[in-house]
Amino acid sequence: MIGETARMIAIDRSRIAELFARERERFAEAHPRSRELHERAEGSLLSGVPMNWMTRWPGAFPVFFESASGAEVTDVDGKVYADLCLGDTGAMTGHSPPPTVAAVQDRVAKGITAMLPTPDAAEVGEEMQRRFGLRDWQFTLSATDANRFVVRIARQITGRPKILVHNHCYHGSVDETVTTLVDGRVLSREGNVGPPVDPAETTRVVEINDLEALERELAHGDVACVLVEPALTNIGIVLAEDGYHEGLRRLTRDAGTLLVIDETHTLCCGPGGYTRAQGLEPDVLTIGKPIGGGVPVGAYGFTEKVADRIAKATIWETADVGGVGGTLAGNALSLAAVRATLSEVLTDEAFERMTALGERFESAVAETIAEHGLPWSVTRLGCRAEYMFQATPPRTGGEAAAALDPELDALLHLYMLNRGILLTPFHMMALMSPATTEAHVDRHSEAFREAAGELAGG
Ligand SMILES: Cc1ncc(COP(=O)(O)O)c(C=O)c1O
């Protein structure tokens, strides 16, 4: 972070546009095969991609990739990238980690899904218990599903209708969470596709770090659960201030509201996520993305007390009917992937190295920001780091959203792509995997320095 008294420059907007035009041309020239594949795919896929957000990379067309291994991706034009995006955390393990690949290959040949558990089930449950401190676990196909199911369970066991989330949260495509706070009013978030009901009817929203608002909103007595990331990671990184988690735990307990911590991204804080690193005591924990090493899987775990309440509220004869489930959820393949990934890839030792790389990334970026007097800051959360276009790190999701700069964001993503670096699209986030090396981080540091120099007019 750059000090308040440091010299700061204003970035010339026409310079951003000029550099962007140059980089776009360079990108198009360097990726003829990706262009070809995209043009062909436009004939059969909406926007020429299997999922429409894949168009949100900043070139005129997306890069198509041929292979990915460890911390590197090779595209169809033969270009190799240092991957700091890592599938927006789905590949935080590095791509195709060998122990996960071996376990998956073995399982694939022995039955993928059968509506029955395998010997991996208990082993995985015990490991989740050991890491996160919660007793009972269930598995889904994604983190979105884990959150969706937990919200429904919370409503059922508390008999309350609403949930509460942080402003500018992201918990997947869960209806109740696609909302935002505007001038104190809960609104459907821009981009919310076909909401079944107005989120103001289902959801209360407060800023992270605002315990006063949290107390006020919980006082209505209608909130089944608070569903939060322990630090925001989807609108840039916004850290919880000292005392926030203690207050959150106390207020939710006092209100009889379940506290659900979503560790899908904050697993970057260590083997047991932020929860273990900071000694949090959630009633329920949700997670997904990296625990399967890239194989789709999500999970939710809860305390013994919550398990008892669930058992009392469950009619076993109809447990497969309403709102929680999925035929392929908990399938043998995903459980095999989780077992291998947790026991052999996302180990304590791996996290130590990944965090050190996160620190290396952070200090290089901070140095360049200070050197050029840029009005930016950098924030780190374990092995994840993010730079933001404001001089002091944001305290709330609202502040972080106000600092977004889509043009600068697009330029820097493209600048990095053209220099062999993938950064998470949508914001300036970098993640380290067990396969990431200092050389990968330094490739970014050099490109960032070059970009900063060009933007500062140096
Ligand atoms: C904190 C958090 N929770 C849940 C999700 C949903 O994950 P998925 O899209 O894999 O279901 C995301 C996705 O970015 C996330 O960031």
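Author: Start with one term: two strands pair if DSSP finds at least two bridges between them. Keep in mind that the model is predicted.

Three strands form it, and their order is 13-14-16. The sheet is open, and its pairing is antiparallel. Which strands stand at the edges? They are strand 13, residues 377-381, and strand 16, residues 429-431. Each has a single partner strand, so one side of each is left without a neighbour in the sheet. Neighbouring strands are also turned against each other, by 20° on average with direction ignored. A helix packs on this sheet: helix 12, residues 348-372. Helix 12 touches strand 13, strand 14 and strand 16. The direction of helix 12 makes about 170° with that of strand 13.

What holds such strands side by side? In general, the strands of a sheet pair through backbone hydrogen bonds, either parallel or antiparallel.

Take the pairs one at a time. Strand 13 and strand 14 run antiparallel and share five bridges. Find Val378, then look across to strand 14: the bridge partner there is Tyr387. Strand 13 and strand 14 make a hairpin, with two residues between the strands. Look at Gly382 in that hairpin: its phi is positive, near 60°.

Next comes the other pair. Strand 14 covers residues 384-388, and its antiparallel pairing with strand 16 has three bridges. Look at Ala385 and cross over to strand 16, where Ala430 is the bridge partner. Then find Glu386, which stands opposite Met429 in strand 16.

Stay with strand 14. How many of its five residues are buried? The count is five of five, and the strand is mostly covered. Check its two faces in turn. On one side sit Arg384, Glu386 and Met388. Tyr387 is the bridge partner of Val378, and Ala385 is paired with Ala430.

Gly457 follows helix 15, and its phi is positive, near 85°.

One more stop is the ligand. How many residues surround it? There are 13, and the closest are Thr144, Asn234, Asp262, His265 and Lys289. Thr144 has an N or O atom in its side chain that is 2.5 Å from an oxygen atom of the ligand. A polar backbone atom of Ala143 is 3.4 Å from a ligand oxygen atom. Asp262 places a polar side-chain atom 2.6 Å from a nitrogen atom of the ligand.

Go back to the sheet to finish. Read it in the order 13-14-16. Trace the five bridges between strand 13 and strand 14, then the three between strand 14 and strand 16.

Note on methods:
Residues are numbered from 1 along each chain as its sequence is written. This is a predicted model: local features need pLDDT of at least 70, side-chain atom pairs count only at pLDDT 80 or more; totals for chains, interfaces and linings use all residues. Side-chain values use heavy atoms; hydrogens and water are left out. Helices (H or I, at least four residues) and strands (E, at least two) are DSSP runs, numbered from the N terminus. Axes are lines fitted to C-alpha atoms, for helices over the stretch in contact, and angles run from 0 to 180 degrees between N-to-C directions. Contact means heavy atoms within 4.5 Å. A residue is near a molecule or strand if one of its heavy atoms lies within 4 Å of it. A polar contact is a pair of N or O atoms within 3.5 Å; within protein, one must be able to donate a hydrogen and the other to accept it, and residues adjacent in sequence count only if both atoms are side-chain atoms. Buried means under 20% relative accessible area, exposed over 50%, partly exposed in between (1.4 Å probe, protein chains only).
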